[in-house]
Protein chains: 2
Amino acid sequence: MTGRQVPPGPVGADDRAPGTTPGQPLPAATVARLPGYLHALDAVRGAGAALVTSERLAQAAGVTPAQLRKDLSFLGSYGRRGVGYDVDHLAGRIAAVLGVATTRAVVVVGVGHLGHALATYGGFAERGFTLAGLVDADPAVIGTRVGGLVVEPPAALMALVMRTGATIGVVATPAHAAQDAADALVASGVTGILTFAPRALRVPPNVEVRAVDVASELQILAFHASRHA
Amino acid sequence: MTGRQVPPGPVGADDRAPGTTPGQPLPAATVARLPGYLHALDAVRGAGAALVTSERLAQAAGVTPAQLRKDLSFLGSYGRRGVGYDVDHLAGRIAAVLGVATTRAVVVVGVGHLGHALATYGGFAERGFTLAGLVDADPAVIGTRVGGLVVEPPAALMALVMRTGATIGVVATPAHAAQDAADALVASGVTGILTFAPRALRVPPNVEVRAVDVASELQILAFHASRHA
DNA sequence: TAGATTGTTAATCGATTAACAATC
DNA sequence: TAGATTGTTAATCGATTAACAATC
């Protein structure tokens, strides 16, 4: 109904409604870099700056200024020409787009050394997450206190997710237990899974999976090492 | 789990010498998928198949057949039209290209829970790696036995790398110690670093770094979760 | 204003997909 | 051979880079 065509006159008028989620879909490559920008903004803020240029922020994030500005342009126009970006404001916008403007609850399945490392990692809170629960199948582990939480049995997972409102689950089990862990997480209602098990997980299409496979990372490094050494 | 096999004798038609670099440079996206193909080949072999089609292997690896064939075409012509790929031979070729045809030594710096998890992870050997040494700065940790290895002090790192021929180092320290750990690894001669610390590492251009940042992974999942829920 | 820096455009580059001729 | 499947080509798609007009 409302004319979408742009009259061939003076361009540059920004009619986009500010403050809302962008209409265009964000490129996946851009989304993947946003956490780095957020982290870089924290570092800049820690250094005491209230404003930052694309030049400086790009350097802190390890990208080019052109790429940074291009990425940010997908979120809207939050900078000021000739000045730069307001650190707090931009951080707030990126956090909102990422969905971590408010803290998100995360549950961890599998409390071996890796789960332990995750549970005692102190950096989650400042990145928008709170560890809401730990689950393990080993009777020797259930009931123990790890990182301020008591490890619960698998049967308690669904109640745990419902009680805490967790939307993301982490699979830190041995490989052979990973699919069961994922199934349980899906059944309990999480919509995102981060797995460290070297196994392809089958999940419904509405559940997003990201996999960290240490051996694969090492093999990619080996490729480069074998050409360079 | 079946052990990874070293390329057998002269099986294929146009064998190049193992370890030689291909004519054209491999696309980075292709290199990043090769570990998945190698892993999928192990699964196929475990199922007892000596031959595999691009259709089946692609499914096991979670890509399309077209993408798999395109990727493999960069390595050379190792399939047989109308037949498929010889599982052992193809695995050998991919392992050679990745530089894991022979076992590579890896050293881990930082033996907290994460380093512990890495040290006791049993899956390295079958993916082409051997854990050659553990280093930590904590006097309470030095000298303890973890995963069959005695934890050594930072001062022993260079001798360790030289003795074992390690080419890859893993940084599993707290964030504040990560740059020092990376510097020490670079000084000792490794050419690849896998870091789990949420810090940008400064390394010389000849050293390759791959970073796994758990909080960033969670934030990317949060982005999708916030659109879906 | 004069200088600085963004936001955007256009060009380049790289990766993916689809289709099919080659060939086992 | 006839059927099957690869390897390759061409088309499409997406991402990066460079440059500069807009504008603070």
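Q: Which element gives the most to the surface near DNA strand C?
A: In this predicted model, helix α3(B) gives the most, with 4 residues. A residue counts as near the strand if one of its heavy atoms lies within 4 Å of it.

Q: Which residues come nearest to DNA strand C?
A: There are 25 residues around DNA strand C, and of these S54(A), R69(A), G79(A), Y85(A) and R33(B) come nearest.

Q: What makes the pair formed by R81(A) and DNA strand C a polar contact?
A: A polar contact is a pair of N or O atoms within 3.5 Å. A polar side-chain atom of R81(A) lies 3.0 Å from a sugar or linking oxygen of DNA strand C, so the pair meets the cut-off.

Q: How do you know that Y78(A) makes a polar contact with DNA strand C?
A: A polar backbone atom of Y78(A) is 3.3 Å from a phosphate oxygen of DNA strand C. The cut-off is 3.5 Å, so this pair counts.

Q: What part of DNA strand C does R81(B) reach?
A: A base nitrogen of DNA strand C lies 3.0 Å from a polar side-chain atom of R81(B).

Q: Which elements give two or more residues to the surface near DNA strand C?
A: From chain A they are α3 (65-75), β2 (79-80) and β3 (84-86), and from chain B they are α1 (28-46) and α3 (65-75).

Q: To which parts of DNA strand C do the atoms within 4 Å of the protein belong?
A: Sugar or phosphate accounts for 63% of these atoms, and bases for the rest.

Q: What makes the pair formed by R33(A) and DNA strand D a polar contact?
A: An N or O atom in the side chain of R33(A) is 2.7 Å from a phosphate oxygen of DNA strand D. The limit for such a pair is 3.5 Å, so it qualifies.

Q: Which base atoms of DNA strand D lie by R81(A) and R69(B)?
A: For R81(A), a polar side-chain atom lies 3.0 Å from a base nitrogen. For R69(B), a polar side-chain atom lies 2.9 Å from a base oxygen.

Q: Which element supplies the largest share of the surface near DNA strand D?
A: Helix α3(A) does, with 4 residues. The elements that each supply at least two residues are α1 (28-46) and α3 of chain A, with α3, β2 (79-80) and β3 (84-86) of chain B.

Q: Where does UniProt list a "DNA-binding region" in chain A?
A: An unreviewed UniProt entry lists residues 36-75 of chain A under that name. In the model this span is 75% helix and 5% strand, and its end C-alpha atoms lie 15 Å apart.

Q: Where in chain A does UniProt place the feature "binding site"?
A: The unreviewed entry places it at G110(A), V111(A), G112(A), H113(A), L114(A) and G115(A). Of these residues, L114(A) is included in the lining of the second largest pocket.

Q: Why is H113(A) called partly exposed?
A: The relative accessible area of H113(A) is 31%, so it is partly exposed. H113(A) lies in helix α5 of chain A.

Q: How do you know that H113(A) touches chain B?
A: Beyond residues up to four places away in sequence, H113(A) touches H113(B), H116(B), A117(B) and T120(B). Contact means heavy atoms within 4.5 Å.

Q: Why is A225(B) called buried?
A: Buried means under 20% relative accessible area. A225(B) has 3%, so it is buried. A225(B) is found in helix α8 (residues 214-228) of chain B, and its contacts beyond four places in sequence are R104(A) and T191(A).

Q: Why is E217(B) called buried?
A: E217(B) has a relative accessible area of 15%, so it is buried. E217(B) is also in helix α8 of chain B. Leaving aside neighbours within four places in sequence, E217(B) is in contact with L194(A), R210(A) and V212(A).

Technical notes:
Residues are numbered from 1 along each chain as its sequence is written. Chains are lettered from A and ligands numbered from 1 in the order in which they are written. This is a predicted model: local features need pLDDT of at least 70, side-chain atom pairs count only at pLDDT 80 or more; totals for chains, interfaces and linings use all residues. Side-chain values use heavy atoms; hydrogens and water are left out. UniProt positions are given in the numbering used here, feature names are shortened, and annotations may be inferred rather than shown by experiment. On a 1 Å grid over the protein atoms alone, a cavity is a set of points where a 1.4 Å probe fits but cannot get out, and a pocket is an open set with protein on both sides within 12 Å along at least five of seven lines; lining residues have an atom within 4 Å of a point. Buried means under 20% relative accessible area, exposed over 50%, partly exposed in between (1.4 Å probe, protein chains only). A polar contact is a pair of N or O atoms within 3.5 Å; within protein, one must be able to donate a hydrogen and the other to accept it, and residues adjacent in sequence count only if both atoms are side-chain atoms.
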